[in-house]
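Student: Could you walk me through this structure, one question at a time?
Tutor: Gladly; let us look at it together.

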Amino acid sequence: MGTTGRGGQIELFASRGGVHAVKSPVRVAILEMLADGEMPFDTIVERTGRAKSTVSVHLRDMVEEGILGERPDPADARRKIFFIAADHLGALSAVDRIPEELARYAVEYNEGDGDPFAFYRLMFRTLRTMLMQTGVNLDPVLFEAGRKVGEAVAPALTDQNAGDFLGKVACFWEEHRLGRVEAGPAAPFEVFVYDCFECADLPRIGRPACSFDTGILTTVFSAQFGREMEVTETHCYAAGDPYCRFVIREAGPKK
């Protein structure tokens, strides 16, 4: 939820009860705080700067909707600790809409170029750009989808030798037409992707857009090193850069 809190943005969550659109600035602020980890009631009140009664109503309603969960504070059973219990699907925002002319550019098809993957790239970017045109940001869903794919391919990529592991990652990307990879051998690891399948043909939106790749790399590197790794995309074709660059380091403790 790194982009929450902007005016007019609606956050989308899925619980067992269905999909919930969260627009209230107070609720969005609470969810943004809880995205870093669970938090006791008094801390939530302090950080929102709202009255206890106001925060209590919002928390109660979100618990009833299944967006939040709660448990007793082990230090004081009279107090509660809150956490996010639903899946974050993304956001809907007028700010993130792309103009129609950019959407048209992104879904152009060059017939007869001999690339058997061209049509599938067209399908992928058409779906994504149509969502972007309406202001739908599905980065959290793409990230989780990438993590699922990472779980499936990690056993074939992990290796006792870190250099061989990086070589396997590069081969995997090229064999599946995801792009050409160059990887640095030392931590924090740097992965450069050229001709990126996920974003090279997207409109220039001024920010990184490779959530699917980020999810794959997060799971694969975590499996390789036996601990949770954090992947940050610093450069991206969608941001106007000539490549996509990912920095991978050990994840720190949640706040």
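Tutor: A word we will need is buried, which stands for under 20% relative accessible area, while exposed stands for over 50% and partly exposed for in between (1.4 Å probe, protein chains only). The model is predicted, so local features need pLDDT of at least 70 and side-chain atom pairs count only at pLDDT 80 or more, while totals for chains, interfaces and linings use all residues. Residues are numbered from 1 along each chain as its sequence is written, and side-chain values use heavy atoms, leaving out hydrogens and water.

Student: Is Cys196 buried or exposed?
Tutor: We compare its accessibility with the cut-off for buried, under 20%. Cys196 falls in the buried class, as its relative accessible area is 2%.

Student: How many residues lie between S1 and S2 in their hairpin?
Tutor: S1 and S2 (residues 18–22) run antiparallel, with 5 bridges joining them. One of the facing pairs is Glu11 with Val22 in S2. The number of residues between the two strands of this hairpin is 2.

Student: Why is S1 described as largely enclosed by the rest of the structure?
Tutor: Ile10, Leu12 and Ala14 point one way from the strand, Glu11, Phe13 and Ser15 point the other way, and all are buried. S1 is largely enclosed because its buried residues number 6 of the 6.

Student: Which residue in S5 is the bridge partner of Pro40?
Tutor: S5 (residues 76–84) pairs with S3 (residues 39–40) in the antiparallel sense over 2 bridges. S5 is also joined to S4 (residues 68–73), by 6 antiparallel bridges, and there Pro72 stands opposite Lys80. As for Pro40, its bridge partner in S5 is Ile81.

Student: Which residue forms a salt bridge with Arg78?
Tutor: Side chains of opposite charge can pair when their charged atoms come close. A salt bridge here is a side-chain nitrogen of Lys or Arg within 4 Å of a carboxyl oxygen of Asp or Glu. Arg78 is exposed at 76% relative accessibility, and its closest N and O atoms in the salt bridge are 3.1 Å apart, the partner being Asp76.

Student: How many residues apart are Arg207 and Asp139?
Tutor: The side chains of Arg207 and Asp139 meet in a salt bridge at 3.2 Å, N to O. Arg207 is in the loop between strand S9 (189–194) and helix H8 (211–225), and Asp139 is in helix H6 (residues 139–157), so the pair links distant parts of the chain, and the separation is 68 residues.

Student: What distance separates the end C-alpha atoms of H5?
Tutor: The expected span of a helix is 1.5 Å times one less than its number of residues. H5 (residues 118–133) has 16 residues and should span 22 Å, which agrees with the distance between its end C-alpha atoms, 22 Å.

Student: Which exposed residues does H5 carry on the face turned away from its buried side?
Tutor: The buried residues of H5 are Ala118, Arg121, Leu122, Arg125, Arg128, Thr129 and Met132. They sit on the same side of H5, because they cover an arc of only 150 degrees around the axis, taken from the directions from the helix axis to the C-beta atoms. The face turned away from that side carries the exposed residues Tyr120 and Leu127.

Conventions: Two strands pair if DSSP finds at least two bridges between them. Helices (H or I, at least four residues) and strands (E, at least two) are DSSP runs, numbered from the N terminus.
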